[in-house]
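Trainee: Could you walk me through this model, one question at a time?
Mentor: Gladly, let us look at it together.

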Amino acid sequence: ADGYVVGDVVINQSTAVIKGPRSYISSVEKVVADVNLESGLTESQRVNLQPRAVDENNNIVNYVTVVAPESENFVANVPILKVQNLMPAVSFVSGPDNAADILDVRYSVTSVQVGALESNASNELMLGNISFSDLTTGENTFTFDTSQLSGIKVLDGTKEITVTVTVPDNYASKTIPIYRRDIKPDLKDYNVSVTGISSNSVTVIAAEDVIESIDKSSLTLTLAPMEENGTIDEKTTKCRVVFSVSSQGSCWVLGDYTVTVNVTPK
């Protein structure tokens, strides 16, 4: 329909099996299937395919059959996307909740024309997350590949979007020493001993008027699995260290930190 485009078609099978006499099989160049859709479509379509084997001139090769590698049939999902002009946006994680009040965020484009599965009431094109742990004082630059955006087809040729995040001039950094003994894991079912640490210091970013008051006692150190949805158990040998800065709502720890651990059941 007017104002809609076809997205990238997805087939439920990645390969096809062709069967037939060897002399005919050798003539097969590829497997194709026709899809005929109605005009004026506003919703995505699921289409059963009837694939056929053809030669290099696109002529059907006789006595050759095409079957799915598994018991399923060949099915194509044809997304019908609504054309929209969206403003790029990012989310900030692992730091203060009031990112908009602290940071100056600029984008290399003001809007992107896309096809999307659903109408976006916020008019925002979410590019992804930026972690406060990657933000140092001054200007920070991040590049997002638009081809990696799920459910989106970029229509205006925008391949990358650069996001420039500036931490204000009145912010500074401070290095605080830490040691293995500063990490006191508390797991219900396991004892955890820390055997190594990736760094003996951490860098805190904070407003200049509060940074002098921040010391080791201001830090809370907790362990987390290396994978986002992982767990810590007796098979664990390495963990992430997650820091938070107490009582200061506009502070964060720069960088990523890990520890090697020995985990045993209690």
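This is a predicted model: local features need pLDDT of at least 70, side-chain atom pairs count only at pLDDT 80 or more; totals for chains, interfaces and linings use all residues.

Mentor: Residues are numbered from 1 along each chain as its sequence is written, and side-chain values use heavy atoms, with hydrogens and water left out.

Trainee: What is the order of the strands in the open sheet of 4 strands?
Mentor: Strands here are DSSP runs of E with at least two residues, helices are runs of H or I with at least four, and both are numbered from the N terminus. Two strands pair if DSSP finds at least two bridges between them. The edge strands, pairing on one side only, are β17 (190–197) and β19 (219–224). With antiparallel pairing, the order is β17-β22-β20-β19.

Trainee: Which residue in β20 is the bridge partner of Thr-222?
Mentor: Strand β19 runs antiparallel to β20 (residues 238–245), and 6 bridges join them. In β20, the partner of Thr-222 is Val-242.

Trainee: How many salt bridges are there?
Mentor: A salt bridge is a side-chain nitrogen of Lys or Arg within 4 Å of a carboxyl oxygen of Asp or Glu. One of them joins Asp-182 and Lys-216, at 3.3 Å from N to O. That pair links parts 34 residues apart, with Asp-182 in the loop between β16 (171–177) and β17, and Lys-216 in the loop between α3 (208–211) and β19. By this rule, the count is 4.

Trainee: Which residues do salt bridges that share partners join into one network?
Mentor: Asp-104 and Arg-106 meet in a salt bridge of 3.4 Å, N to O. Arg-106 also forms one with Glu-139, where the closest N and O atoms are 3.3 Å apart. Glu-139 lies in β13 (residues 138–145) and Arg-106 in β10 (residues 104–107), so this pair ties together parts 33 residues apart in sequence. The network is made of Asp-104, Arg-106 and Glu-139.

Trainee: Is Glu-139 buried or exposed?
Mentor: Buried means under 20% relative accessible area, exposed means over 50%, and partly exposed is in between (1.4 Å probe, protein chains only). Arg-106 is partly exposed at 41%. Glu-139 has 56% relative accessibility, so it counts as exposed.

Trainee: Which residues does Thr-236 touch, not counting those up to four places away in sequence?
Mentor: Thr-236 is in the loop between β19 and β20, and is buried at 12%. Contact means heavy atoms within 4.5 Å. The residues touched are Thr-231, Val-261 and Val-263.

Trainee: Which strand gives the most to the lining of the largest pocket?
Mentor: On a 1 Å grid over the protein atoms alone, a pocket is an open set of points with protein on both sides within 12 Å along at least five of seven lines, and lining residues have an atom within 4 Å of a point. Among the 20 lining residues, those closest to the centre are Ser-94, Ser-133, Val-242, Phe-243 and Val-253. At least two lining residues come from each of β20, β21 (252–254) and β22 (257–265). With 6 residues, the one that gives the most is β20.

Terms used:
On a 1 Å grid over the protein atoms alone, a cavity is a set of points where a 1.4 Å probe fits but cannot get out, and a pocket is an open set with protein on both sides within 12 Å along at least five of seven lines; lining residues have an atom within 4 Å of a point.
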